[in-house]
Amino acid sequence: MLAGPDPAAAGTARVLVASNRGPVAFSLSDSGALLARRGSGGLVSGMQEVIRDAAAAAAGQGDAAEGGETDPEDPPSGIVWVCAALSDADRRAVRVAPDGRLDRAGFDTGGAAIRMLDVDRVVFDRAYNGVANRTLWFVLHLLFAPASEPSFGAAFWRDWEAYEAYNAMFADALALDAAHGAAVLIQDYHLTLVPGLLRKLRPDLRISHFTHTPWAPPDYFRILPDRVSRAVIGGMLGADRLGFLTARWATAFRDCARVLLGDEVEIDGVETCVLDGGLDLAPAPGPMAPPAALIGGPALGQVFDERPPPVVDPGQPGHRVRIGVHPLGVDAPALRARAAAKDVAARAAELREEVGDRRLIVRVDRTELSKNIVRGLDAYRELLRNHPDWCGRVMHLVCAYPSRHDLPEYREYTAAVQRIATEIEDEFATDGWLPLRLEVTDDYPRSLAALTLADVLVVNPIRDGMNLIAKEGPTVSDRDVALILSREAGAYAELGADALVVNPYDVTETAEAMDAALRMPPAERRRRADRIAALAARLPPGDWFREQLAALPAPPAEVVLRG
């Protein structure tokens, strides 16, 4: 059974965040020294604002600040971020930090206490690559071709047990650090089991889970083995509140809960799931590796007995789970200030010289299967074939940065992007004109410079939780960029009225949208771009994070500990 911390030994953190990737990553210098690099992105940005708020409040209120006493070794914010060590350098940093607390080892953590978990490499690979990325990501983005994949055999069940162990490690760490009644914000598909596991360990906590991806409709979600699909849904329903980026994804989750759990869950209106009785989601016996052999050590081996425990027991009948929609936006002032920085200006000058007086079509993506880069390039080729008057008058800058190269599917996709880019160059390039420039080396200043100079921005994912590039581009644009947007991107819910909307599978429609965007009258471009930029800034990361904290139930007036 779950060993877990002693519920009576509560920690001091008033707010906790849990995510696979943390706000700090490490690398090694040529001399072998550890180098810390602060992260970026909406979650990190939002967290930084909340940290500043909490630190200021604590400084003004002293020990009277909400949540009571804090550990004198902790930063004044009272916030702890729990994450996993992803690299060998991360693991080395964890091992020199007391109990994995990076802030107590002198690393720059941006004012947050960070507990980084030293996960066995094999466990991490099986949980992260085998289940989270190769299975759950593919299901949530509808990427499987069911005629040939997936196939759930003994190897998958070995990976699934690692995913269970990985989630249990997070639940134990959160239970250890959380003060009574603390708010716990769990992030994404890597940690779907944590809310239920944490609810068992610490029923006093206020728990949310936020999904940054799309959610699949029930018929597709049921590709997963029944045991897994029920565990994922049931685990998430251990939370008090579930957050999604759009109403479409929230509705899909509710539909999955209704179909998979039936009478065990009652859907009450449009915002609430009420559990009709405690869920018994104990996994059926199946092919399992011996726990100690799988997880690589006795410290983790305590997580399991001979048969794994129920994946989730959300609690007493009537446990209420609210579902909310929080469409993450951009911090427009900060983003524009970054776009005005010297390194971005230098990249922009280089691009202006290369592009000259031609129109510029831009896309900025990871080489992720769901981003649909190959069809986007095929559409550009069709634009040049069907509208040859653009030949010599337009350039396509494609920033396609490598992603998840541990998985063969991603390596093959990157190669496919490179192949079609070469084909376009071979077909259309002349001595005085390069129709396309493909950049595969991650360079944020260059990407930001490209967004400021773009006449057309292409965002055509097969499926995407939000896609912040669709919001960032119009926010920093110097040219009133025209946005081509897939109807399958989460951003479509907010921006669709002012974008040129495409079916991401329709190459011809996308090519014609490129032509329409290039020919759009300046006044219309300006109206559309201004409206998109205003919408993009409606819920910046700090407000997005605060909104989720505010949506949690109030702290319990009195906490009753289990015996």
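The structure is a predicted model, in which local features need pLDDT of at least 70, side-chain atom pairs count only at pLDDT 80 or more, and totals for chains, interfaces and linings use all residues. Residues are numbered from 1 along each chain as its sequence is written, and side-chain values use heavy atoms, with hydrogens and water left out.

I begin with the overall picture. The protein contains 20 helices and 17 strands; these are DSSP runs numbered from the N terminus, with helices (H or I) of at least four residues and strands (E) of at least two. Of its 563 residues, 58% are buried. Buried means under 20% relative accessible area, exposed means over 50%, and partly exposed lies in between, with a 1.4 Å probe and protein chains only. Among contacts between residues at least 6 apart in sequence, 79% join residues at least 24 apart, where contact means heavy atoms within 4.5 Å.

I turn now to the sheet. Six strands form an open sheet in the order E14-E13-E12-E15-E16-E17, with parallel pairing; two strands pair if DSSP finds at least two bridges between them. Which strands stand at the edges? They are E14 (436-439) and E17 (500-502), and each has a single partner strand, so one side of each is left without a neighbour in the sheet. From one strand to the next, the twist averages 15°. Strand E16 (residues 482-486) runs parallel to E17 and is joined to it by three bridges; Ile484 has Leu500 in E17 as its bridge partner. Helix H15 (residues 444-453) lies across E12 (359-366), E13 (394-401), E14 and E15 (456-459), and runs at about 140° to E12. Axes here are lines fitted to C-alpha atoms, for helices over the stretch in contact, and angles run from 0 to 180 degrees between N-to-C directions.

The next topic is the aromatic residues. A search of the whole structure finds 15 aromatic pairs. Rings of Phe, Tyr and Trp (its six-membered ring) pair if their centres lie within 6.5 Å; planes under 30 degrees apart are stacked, over 60 edge-to-face, and the rest tilted. Phe138 and Phe144 form a tilted pair, at 5.2 Å centre to centre and 45° between the planes. Phe138 is buried at 2% relative accessible area, and Phe144 is buried at 9%. Phe138 also pairs edge-to-face with Tyr410, at 6.5 Å centre to centre and 70° between the planes. Because Phe138 lies in helix H3 (residues 121-140) and Tyr410 in helix H14 (residues 408-428), this pair ties together parts that are 272 residues apart in sequence. Tyr410, like Phe138, is buried. Elsewhere, ring pairs link Phe124, Tyr128, Tyr166 and Phe170 into a cluster.

Leu142 is found in the loop between H3 and helix H4 (154-177), and is partly exposed at 28% relative accessibility. Beyond its neighbours within four places in sequence, Leu142 is in contact with Ala216, Pro217, Tyr220 and Arg463. The C-alpha atoms of Leu142 and Ile462 are separated by 8.4 Å, although these residues are 320 apart along the chain.

Finally, the cysteines. How many disulfides does a search of the whole structure find? The number is zero, a disulfide being a pair of cysteine sulfur atoms within 2.5 Å. Cys256 is buried at 0% relative accessibility, whereas Cys391 is partly exposed at 30%.
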